[in-house]
Amino acid sequence: MNNILLIDDDRQLNTLLSLKLKGQGYHVQSAYDGEEAFDLYEKCIPDLIITDILMPGVDGLEFLLKIRDKHPDAHFKTLAMSGGGKISSKDYLNWMESLGAEGVMAKPFKLELFIEKVNQLLGHQTELDQNN
């Protein structure tokens, strides 16, 4: 079972994504900001970190930079999400890809595509892949 750390300040979206991921058999720890995620990181040692980029307090980018600085040998993949802000979500997501995020998703997105992206990042074949 893969460990996922999910960070998003939108509590409804966080809960929905967490339930979907747990339904796929993943172990999920949820945080609502980067500060809370610091405490959870060492408890779950994630295989995948899914983070919103723009959040109050410690945002997704700051969280990832601090974790990589504190744990330079950590092996996890990153899926960054953004609904935009002062610039478009595409610009934020392109920036995250240039910084090493293995996956990006613009909000809003379809849950099926989200699960497919998570499965892809963690090396799991999806039902859609098996049928093609």
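Tutor: Keep in mind that this is a predicted model. Start at Glu 62, which counts as partly exposed at 32% relative accessibility.
Student: Which residue does Glu 62 form a salt bridge with?
Tutor: Lys 66. Their closest N and O atoms are 3.3 Å apart.
Student: And is Lys 66 buried, exposed or partly exposed?
Tutor: Partly exposed, because its relative accessibility is 39%, which falls between the 20% and 50% cut-offs.
Student: Where do Glu 62 and Lys 66 lie?
Tutor: Both are in helix H3, residues 60-70. They sit 4 residues apart, about one turn of the helix.
Student: Take Lys 107 and Asp 8. What's the N to O distance?
Tutor: It is 2.7 Å in that salt bridge. The pair links distant parts of the chain, 99 residues apart. Lys 107 is in the loop between strand E5 (103-106) and helix H5 (111-121). Asp 8 is in the loop between strand E1 (3-7) and helix H1 (11-23).
Student: Why does Asp 8 count as buried?
Tutor: Because its relative accessible area is 0%, and buried means under 20%.
Student: What about Asp 52 and Lys 107? How far is N to O there?
Tutor: That salt bridge is 3.3 Å, N to O. Asp 52 is in strand E3, residues 48-52, and the two are 55 residues apart.
Student: Are those two buried or exposed?
Tutor: Asp 52 and Lys 107 are both buried.
Student: Last one. How many salt bridges does the count come to?
Tutor: The count comes to 4.

Terms used: Residues are numbered from 1 along each chain as its sequence is written. This is a predicted model: local features need pLDDT of at least 70, side-chain atom pairs count only at pLDDT 80 or more; totals for chains, interfaces and linings use all residues. Side-chain values use heavy atoms; hydrogens and water are left out. A salt bridge is a side-chain nitrogen of Lys or Arg within 4 Å of a carboxyl oxygen of Asp or Glu. Buried means under 20% relative accessible area, exposed over 50%, partly exposed in between (1.4 Å probe, protein chains only).
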